[in-house]
Amino acid sequence: MLAKNRFTITGSGLVLAVLAIVGVGLWARRRHPHLPCPSSLSFLLENPFMNRVAGAQLLLDRAGVTPGMHVLDVGCGPGRVTLPAAQRVGSDGVVVALDIQPAMLRRVQEKVVAQKVNNVRLLQAGAGEGKTEVAAFDRAFLVTVLGEIPDKPAALREIYRALKPGGILSITEVFPDPDMMRPAVIRQLAQETEFSVAEQIGSFPAFTINLVKLAET
Ligand SMILES: C[S@@+](CC[C@H](N)C(=O)[O-])C[C@H]1O[C@@H](n2cnc3c(N)ncnc32)[C@H](O)[C@@H]1O
(Lines give C-alpha, C1' and ligand atoms only; values in the text may rest on other atoms or scores of the structure.)
Protein backbone atom coordinates (compact mmCIF):
# COMPACT_ATOMS: atom_id res chain seq x y z
CA MET A 1 0.00 0.00 0.00
CA LEU A 2 2.75 2.36 1.07
CA ALA A 3 4.79 1.41 -2.02
CA LYS A 4 1.75 2.08 -4.23
CA ASN A 5 1.26 5.56 -2.68
CA ARG A 6 4.92 6.35 -3.15
CA PHE A 7 4.66 5.35 -6.78
CA THR A 8 1.58 7.56 -7.25
CA ILE A 9 3.33 10.57 -5.69
CA THR A 10 6.44 10.02 -7.82
CA GLY A 11 4.30 9.60 -10.93
CA SER A 12 2.34 12.79 -10.18
CA GLY A 13 5.61 14.65 -9.57
CA LEU A 14 6.89 13.56 -12.95
CA VAL A 15 3.71 14.61 -14.73
CA LEU A 16 3.79 18.00 -13.00
CA ALA A 17 7.47 18.44 -13.91
CA VAL A 18 6.73 17.65 -17.56
CA LEU A 19 3.79 20.06 -17.62
CA ALA A 20 5.93 22.78 -16.00
CA ILE A 21 8.72 22.22 -18.53
CA VAL A 22 6.32 22.34 -21.47
CA GLY A 23 4.44 25.39 -20.19
CA VAL A 24 7.38 27.52 -19.09
CA GLY A 25 9.55 26.40 -21.99
CA LEU A 26 6.98 27.33 -24.61
CA TRP A 27 6.17 30.61 -22.87
CA ALA A 28 9.87 31.54 -22.63
CA ARG A 29 10.47 30.54 -26.23
CA ARG A 30 7.65 32.77 -27.42
CA ARG A 31 9.00 35.75 -25.45
CA HIS A 32 12.69 35.21 -26.26
CA PRO A 33 12.90 33.07 -29.41
CA HIS A 34 16.67 33.22 -29.98
CA LEU A 35 18.16 33.62 -26.50
CA PRO A 36 20.03 30.98 -24.48
CA CYS A 37 18.06 29.35 -21.64
CA PRO A 38 18.30 31.92 -18.78
CA SER A 39 19.74 30.85 -15.42
CA SER A 40 16.42 31.71 -13.73
CA LEU A 41 14.93 28.73 -15.60
CA SER A 42 17.49 26.25 -14.21
CA PHE A 43 14.63 24.40 -12.51
CA LEU A 44 13.64 23.22 -15.99
CA LEU A 45 16.90 21.28 -16.04
CA GLU A 46 17.23 20.19 -12.43
CA ASN A 47 14.02 18.28 -11.72
CA PRO A 48 12.80 14.67 -11.29
CA PHE A 49 11.80 14.31 -14.95
CA MET A 50 15.25 15.29 -16.25
CA ASN A 51 16.90 13.08 -13.62
CA ARG A 52 14.84 10.14 -14.79
CA VAL A 53 15.25 10.49 -18.58
CA ALA A 54 18.62 12.26 -18.85
CA GLY A 55 20.23 12.08 -15.41
CA ALA A 56 23.91 12.93 -15.12
CA GLN A 57 25.09 9.41 -14.20
CA LEU A 58 23.18 7.94 -17.15
CA LEU A 59 24.76 10.46 -19.55
CA LEU A 60 28.25 9.85 -18.12
CA ASP A 61 27.71 6.10 -18.61
CA ARG A 62 26.50 6.61 -22.18
CA ALA A 63 29.62 8.61 -23.00
CA GLY A 64 31.91 6.15 -21.21
CA VAL A 65 33.43 8.66 -18.79
CA THR A 66 36.02 7.03 -16.51
CA PRO A 67 38.54 8.21 -13.87
CA GLY A 68 41.41 10.34 -15.15
CA MET A 69 39.58 11.63 -18.23
CA HIS A 70 39.54 15.24 -19.40
CA VAL A 71 35.96 16.33 -20.09
CA LEU A 72 34.52 19.39 -21.84
CA ASP A 73 30.93 20.27 -20.86
CA VAL A 74 29.75 22.69 -23.56
CA GLY A 75 26.74 24.77 -22.50
CA CYS A 76 27.14 23.45 -18.97
CA GLY A 77 24.24 25.52 -17.61
CA PRO A 78 23.96 25.20 -13.82
CA GLY A 79 26.44 22.30 -13.76
CA ARG A 80 23.93 19.44 -13.73
CA VAL A 81 26.43 17.21 -15.58
CA THR A 82 29.64 19.11 -14.70
CA LEU A 83 29.75 18.27 -10.99
CA PRO A 84 28.98 14.52 -11.31
CA ALA A 85 31.54 14.38 -14.15
CA ALA A 86 34.15 15.99 -11.89
CA GLN A 87 33.47 13.40 -9.21
CA ARG A 88 33.72 10.56 -11.70
CA VAL A 89 37.00 11.63 -13.34
CA GLY A 90 38.51 12.21 -9.89
CA SER A 91 41.68 14.01 -8.93
CA ASP A 92 43.60 12.76 -12.00
CA GLY A 93 40.98 14.17 -14.35
CA VAL A 94 39.56 17.59 -15.12
CA VAL A 95 36.25 19.05 -16.32
CA VAL A 96 36.07 22.30 -18.26
CA ALA A 97 32.62 23.88 -17.91
CA LEU A 98 31.97 26.21 -20.83
CA ASP A 99 28.96 28.50 -21.08
CA ILE A 100 28.10 31.74 -22.82
CA GLN A 101 26.24 33.07 -19.76
CA PRO A 102 28.18 34.30 -16.72
CA ALA A 103 25.09 33.72 -14.55
CA MET A 104 25.18 29.99 -15.34
CA LEU A 105 28.90 29.80 -14.56
CA ARG A 106 28.26 31.52 -11.22
CA ARG A 107 25.84 28.70 -10.36
CA VAL A 108 28.51 26.14 -11.24
CA GLN A 109 31.06 28.00 -9.11
CA GLU A 110 28.69 27.97 -6.11
CA LYS A 111 28.40 24.18 -6.41
CA VAL A 112 32.16 23.79 -6.84
CA VAL A 113 32.70 25.66 -3.57
CA ALA A 114 29.87 23.90 -1.71
CA GLN A 115 31.06 20.45 -2.82
CA LYS A 116 34.78 21.28 -2.30
CA VAL A 117 35.63 20.16 -5.83
CA ASN A 118 39.03 21.17 -7.20
CA ASN A 119 39.08 19.74 -10.74
CA VAL A 120 36.55 22.01 -12.47
CA ARG A 121 37.68 24.91 -14.67
CA LEU A 122 35.16 27.54 -15.81
CA LEU A 123 35.32 29.01 -19.31
CA GLN A 124 33.00 31.79 -20.40
CA ALA A 125 32.69 31.56 -24.19
CA GLY A 126 30.30 30.94 -27.01
CA ALA A 127 30.66 27.51 -28.58
CA GLY A 128 32.43 28.03 -31.91
CA GLU A 129 34.50 31.02 -30.78
CA GLY A 130 37.61 28.84 -30.63
CA LYS A 131 38.54 29.41 -26.98
CA THR A 132 39.03 25.76 -26.06
CA GLU A 133 42.36 23.95 -25.89
CA VAL A 134 43.25 21.82 -28.94
CA ALA A 135 43.39 17.98 -28.72
CA ALA A 136 42.96 18.14 -24.95
CA PHE A 137 39.75 16.25 -24.15
CA ASP A 138 38.67 12.59 -24.03
CA ARG A 139 34.97 13.41 -23.90
CA ALA A 140 32.76 16.40 -24.69
CA PHE A 141 29.09 16.94 -23.89
CA LEU A 142 26.33 18.93 -25.53
CA VAL A 143 23.27 18.26 -23.39
CA THR A 144 20.14 20.12 -24.55
CA VAL A 145 22.40 22.85 -25.94
CA LEU A 146 22.91 22.36 -29.68
CA GLY A 147 19.53 23.87 -30.65
CA GLU A 148 20.44 27.13 -28.85
CA ILE A 149 23.76 27.60 -30.65
CA PRO A 150 23.44 29.96 -33.64
CA ASP A 151 26.44 28.64 -35.64
CA LYS A 152 26.18 24.88 -35.10
CA PRO A 153 28.82 23.79 -37.67
CA ALA A 154 31.37 26.17 -36.09
CA ALA A 155 30.58 24.77 -32.64
CA LEU A 156 31.02 21.17 -33.83
CA ARG A 157 34.27 22.06 -35.61
CA GLU A 158 35.64 23.60 -32.41
CA ILE A 159 34.67 20.57 -30.34
CA TYR A 160 36.23 18.28 -32.97
CA ARG A 161 39.51 20.20 -32.64
CA ALA A 162 39.29 20.15 -28.85
CA LEU A 163 38.95 16.36 -28.68
CA LYS A 164 41.89 13.98 -28.70
CA PRO A 165 41.92 11.41 -31.53
CA GLY A 166 39.45 8.70 -30.51
CA GLY A 167 37.58 11.21 -28.32
CA ILE A 168 33.78 11.25 -28.18
CA LEU A 169 31.26 14.07 -28.39
CA SER A 170 28.08 12.93 -26.65
CA ILE A 171 24.98 14.89 -27.71
CA THR A 172 21.74 14.49 -25.77
CA GLU A 173 18.37 15.98 -26.64
CA VAL A 174 15.27 15.83 -24.44
CA PHE A 175 11.57 16.32 -25.19
CA PRO A 176 9.91 18.84 -24.59
CA ASP A 177 12.87 21.23 -24.89
CA PRO A 178 11.58 23.83 -27.38
CA ASP A 179 15.02 23.80 -29.09
CA MET A 180 15.16 20.00 -29.32
CA MET A 181 17.11 18.79 -32.37
CA ARG A 182 16.03 15.75 -34.39
CA PRO A 183 18.49 12.84 -34.75
CA ALA A 184 18.54 13.19 -38.55
CA VAL A 185 19.65 16.83 -38.28
CA ILE A 186 22.43 15.91 -35.84
CA ARG A 187 23.62 13.15 -38.16
CA GLN A 188 23.64 15.63 -41.05
CA LEU A 189 25.68 18.13 -39.00
CA ALA A 190 28.11 15.36 -38.06
CA GLN A 191 28.56 14.55 -41.73
CA GLU A 192 29.33 18.20 -42.51
CA THR A 193 32.13 18.14 -39.92
CA GLU A 194 34.60 15.26 -39.70
CA PHE A 195 32.83 13.32 -36.95
CA SER A 196 31.68 9.74 -37.40
CA VAL A 197 28.41 8.64 -35.82
CA ALA A 198 29.29 5.88 -33.34
CA GLU A 199 25.84 5.10 -31.93
CA GLN A 200 22.43 6.37 -30.92
CA ILE A 201 21.08 5.37 -27.52
CA GLY A 202 17.41 5.88 -26.64
CA SER A 203 14.74 7.64 -28.66
CA PHE A 204 11.82 9.25 -26.81
CA PRO A 205 11.62 11.33 -24.64
CA ALA A 206 15.43 11.54 -24.63
CA PHE A 207 18.18 10.26 -26.88
CA THR A 208 21.96 10.43 -27.00
CA ILE A 209 24.07 10.37 -30.16
CA ASN A 210 27.78 9.69 -29.69
CA LEU A 211 30.06 11.14 -32.35
CA VAL A 212 33.66 10.01 -32.52
CA LYS A 213 36.78 11.79 -33.73
CA LEU A 214 38.48 8.91 -35.46
CA ALA A 215 42.11 8.36 -34.56
CA GLU A 216 44.44 9.59 -37.32
CA THR A 217 45.74 6.78 -39.52
C1 LIG B 1 19.10 24.17 -21.79
S2 LIG B 1 20.61 24.64 -21.02
C3 LIG B 1 21.40 23.06 -20.75
C4 LIG B 1 22.37 23.06 -19.60
C5 LIG B 1 23.08 21.72 -19.31
N6 LIG B 1 23.80 21.23 -20.45
C7 LIG B 1 22.10 20.69 -18.79
O8 LIG B 1 21.76 19.76 -19.52
O9 LIG B 1 21.67 20.82 -17.66
C10 LIG B 1 21.52 25.31 -22.36
C11 LIG B 1 22.80 25.99 -21.94
O12 LIG B 1 23.57 26.26 -23.11
C13 LIG B 1 24.13 27.55 -23.01
N14 LIG B 1 24.37 28.10 -24.34
C15 LIG B 1 23.44 28.51 -25.23
N16 LIG B 1 24.04 28.94 -26.34
C17 LIG B 1 25.37 28.81 -26.17
C18 LIG B 1 26.52 29.08 -26.96
N19 LIG B 1 26.41 29.61 -28.18
N20 LIG B 1 27.72 28.81 -26.45
C21 LIG B 1 27.86 28.28 -25.20
N22 LIG B 1 26.82 28.01 -24.40
C23 LIG B 1 25.59 28.26 -24.88
C24 LIG B 1 23.09 28.34 -22.22
O25 LIG B 1 23.66 29.48 -21.61
C26 LIG B 1 22.58 27.31 -21.23
O27 LIG B 1 23.33 27.33 -20.04
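This short report walks through a predicted model, from its sheet to its core and its ligand.

## The sheet

Let's begin with the strands. Seven of them form an open sheet with mixed pairing, in the order β3-β2-β1-β4-β5-β7-β6. At the edges stand β3 (120–124) and β6 (196–201); each has a single partner strand, so one side of each is left without a neighbour in the sheet. From one strand to the next, the twist averages 20°.

Now look at one pair within the sheet. Strands β4 (residues 137–143) and β5 (residues 163–174) run parallel and are joined by 6 bridges. Val143, for example, has Thr172 in β5 as its bridge partner.

## Helices on the sheet

Helix α6 (residues 152–162) packs on the sheet, where it touches β1 (70–74), β4 and β5. The direction of α6 makes about 140° with that of β5.

Another helix to find is α3 (residues 56–63), which lies across β4, β5, β6 and β7 (206–212). Helix α3 runs at about 140° to β5.

## The nonpolar core

In soluble globular proteins, nonpolar side chains tend to be buried together. In this model, the largest nonpolar core has 56 residues. Val74, Val95, Ala140 and Leu169 have the most contacts inside that core.

Leaving aside residues up to four places away in sequence, Leu169 touches Ala140, Leu142, Ile159, Leu163, Phe195 and Leu211.

## Around the ligand

Which residues are closest to the ligand? They are Pro36, Gly75, Gly77, Arg80 and Val143, out of 19 residues that surround the ligand. This shell divides into 11 nonpolar, 5 polar and 3 charged residues.

Key
Residues numbered from 1 in each chain as written. Predicted model: local features only at pLDDT ≥ 70, side-chain atom pairs only at ≥ 80, totals over all residues. Near = placed C-beta within 6 Å. Nonpolar A, V, L, I, M, F, W, Y, C, P; charged D, E, K, R; others polar. Pairing = 2+ DSSP bridges. Helix = DSSP H or I, 4+ residues; strand = E, 2+ residues; numbered from the N terminus. Axes fitted to C-alpha atoms, helices over the stretch in contact; angles between N-to-C directions. Contact = placed C-beta atoms within 7 Å. Core = buried A, V, L, I, M, F, W, Y, C linked by C-beta atoms within 7 Å. Buried ≥ 20, exposed ≤ 12 C-beta atoms within 10 Å, placed from the backbone.
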